[in-house]
Amino acid sequence: MAQLWGGRFTKETEKNVYDFNASIRFDKRLFHQDIEGSIAHVAMLAKQGILTEDERKSITEGLEGIRQDVDGGKLEISEEYEDIHSFVEAVLTQRIGEAGKKLHTGRSRNDQVALDMRLYTRKRVMETEKLLIELLEVILVTMAQNVETYMPGFTHLQKAQPTTLAHHYGAYFEMFKRDQQRMRDIYVRMNYCPLGAGALAGTTYPLDREYTAELLGFQGPTLNSMDSVSDRDYLIEFMAALSTVMMHLSRFSEEIIIWNSNEYQFVEIDDAYSTGSSIMPQKKNPDIAELVRGKTGRVYGALMSLLTTMKGLPLAYNKDMQEDKEVAFDAMDTVTDCLTLFTGMLRTMKFKEQRMAESAMNGFTNATDAADYLVGKGVPFRDAHGIIGRLVLYCIEKNTAIDKLSLEELKGISDKFEEDIFDAVSLKTCVEKRLTTGAPGPEVMWVTIVRCVDYLNDLLDNFGLDKFKPEEYNIDESALARVRLADGK
């Protein structure tokens, strides 16, 4: 059993105690971050005259060699070591001799693991943001292609008012946009370097923590050495943000599952993202959406586990904090998989536009517009509400719809109805006359879409990715141009 701390002990640790204490089974995924942090650390030590230039060169070349051999499959990370830090230092010393023993000068495993976890989490935050941007692009394409694709809007899972697919998808664009912004916020707040904090009280060596932070791409060093080694706020924030991402994915999945049902038949999920039944040959199940919905609880569990682990810990480092990794790694992997598969499912999903429009015409989704029509004829809204309520009751008794009634029948309910009522409650009119900011009317919907395009392009530019190209997706570029012309852009 290879360990870094045996000098004070008089006998070997029990094998089961050692295994229980060891973390290399899961912290070996921090290998690249451990190498990166160690290379920066020895560069700083040499700059400060704590190591010689020859020692720096020997250690750095040794670390680079270990990285290349592990990546190339020539060296396996052995679980005989307690953790990834022990593995790297032991192999380094085997390869370069006494100089390898100087790698750990001026640091503790406490600030070392704090650095590794922060570097790793920072990388995963950026990867998650990029996946969210890909999802936003898919959602935006559907929005721009379906400004006049009518569908029912719901409250309480009951048909409420007519809307459009663009408007419905736009709600999820806003949700995932906030998720993306949370990733950016977390990145900014966590981007400070704990290396150099030591075990908890810094070190007597003349370290240049600002230099180390700069080498590793941090905004600067953390400012309290006790907090540096005992802080997991950034990880809790990330778990909370990932939980919110999963909540949004789960809500969207629930809708797709409903839309895919025989009763709704709004969508056709691509075969590549569906499965069948072992006994019922007719079945085509929305398993990806169901699994995303199901895995949401798993990510919630990671957040609650980490919050519970941290809630009673005194300063500074405690071994309990080793429990941050397995649940966090699992949550990160789960969200990555869910975002990747959900985006693919969404990209390939087809919509049954006629079925959606027919559904929007049923369920009295135009009742509010009928009441607004009466208000336009001088009827107080509260009275109009009551009149339309009686009208709906009449339609239910006759098993028909408002727009299917004759003018005589309508006048039997209120003499304020005229021939123009039929245009007022048509599906097209009900949607098009909703022109307040954020509403589904095509005129304002295109304004929203242009803003979404500009927002997405800024994100793509930040990642060095190609800008969104409407011409590649059969999108009405003239509508986009009209909005930009009106805005003077």
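A walk through the predicted model

The buried residues of helix α14, which spans residues 367–376, are Ala367, Asp369, Ala370, Ala371, Tyr373 and Leu374. Keep in mind as you look around that this is a predicted model. An α-helix has 3.6 residues a turn, so residues three or four places apart point the same way. What lies over the buried residues of α14? The cover includes strand β2, together with α15 (381–398), α17 (421–424) and α18 (427–432). Just after α14 comes Gly378, whose phi is positive, at about 95 degrees.

From here, let us turn to the aromatic rings. A pair of aromatic rings is described by the distance of the centres and the angle of the planes. How many aromatic pairs does a search of the whole structure find? The search finds eleven. In one of them, the rings of Tyr169 and Phe252 have centres 5.2 Å apart and planes at 80 degrees, so this pair counts as edge-to-face. Another pair, Trp259 with Phe266, is tilted, at 6.4 Å centre to centre and 45 degrees between the planes. Trp259 counts as buried at 2% relative accessibility, and Phe266 counts as buried at 1%.

Next, find Arg122 in helix α6, which covers residues 109–145. Is this arginine buried or exposed? Arg122 is buried, yet it has no salt bridge. The nearest side chain of opposite charge belongs to Glu36, 4.8 Å away, and a salt bridge would need a nitrogen-to-oxygen distance within 4 Å. Leaving aside residues up to four places away in sequence, Arg122 touches Tyr187, Met190, Asn191, Leu216, Gly217 and Phe218.

Some places in the backbone also deserve a look. Most residues other than glycine have a negative phi, and most peptide bonds are trans. His156 has a positive phi, near 55 degrees, and is not a glycine. You will find His156 in the loop between β1 (150–155) and β2 (158–164), and at 75% relative accessibility His156 counts as exposed. Gln265 also has a phi near 55 degrees, a positive value in a residue other than glycine. Its place is in the loop between α10 (233–260) and β5 (267–268). With 31% relative accessibility, Gln265 counts as partly exposed.

Which residues does a cis peptide bond join? Leu315 and Ala316 are joined this way, with omega at about 5 degrees. Ala316 belongs to the loop between α11 (287–310) and α12 (324–348).

Leu315 brings us to the surface, where Leu200, Met226 and Leu315 form a nonpolar patch. Together these residues have about 260 Å² of accessible area. Met226 lies in helix α9, residues 225–230, and counts as partly exposed because its relative accessibility is 30%.

Technical notes:
Residues are numbered from 1 along each chain as its sequence is written. This is a predicted model: local features need pLDDT of at least 70, side-chain atom pairs count only at pLDDT 80 or more; totals for chains, interfaces and linings use all residues. Side-chain values use heavy atoms; hydrogens and water are left out. Helices (H or I, at least four residues) and strands (E, at least two) are DSSP runs, numbered from the N terminus. Buried means under 20% relative accessible area, exposed over 50%, partly exposed in between (1.4 Å probe, protein chains only). Lys and Arg count as positive and Asp and Glu as negative; His and the chain ends are not counted. Contact means heavy atoms within 4.5 Å. Patches are made of residues with over 30% relative accessible area and no salt bridge: like charges are joined within 9 Å, nonpolar side chains (Val, Leu, Ile, Met, Phe, Trp, Tyr) within 5 Å. Accessible areas come from the Shrake-Rupley method with a 1.4 Å probe; for residues, only the protein chains shown count as cover. Rings of Phe, Tyr and Trp (its six-membered ring) pair if their centres lie within 6.5 Å; planes under 30 degrees apart count as stacked, over 60 as edge-to-face and the rest as tilted.
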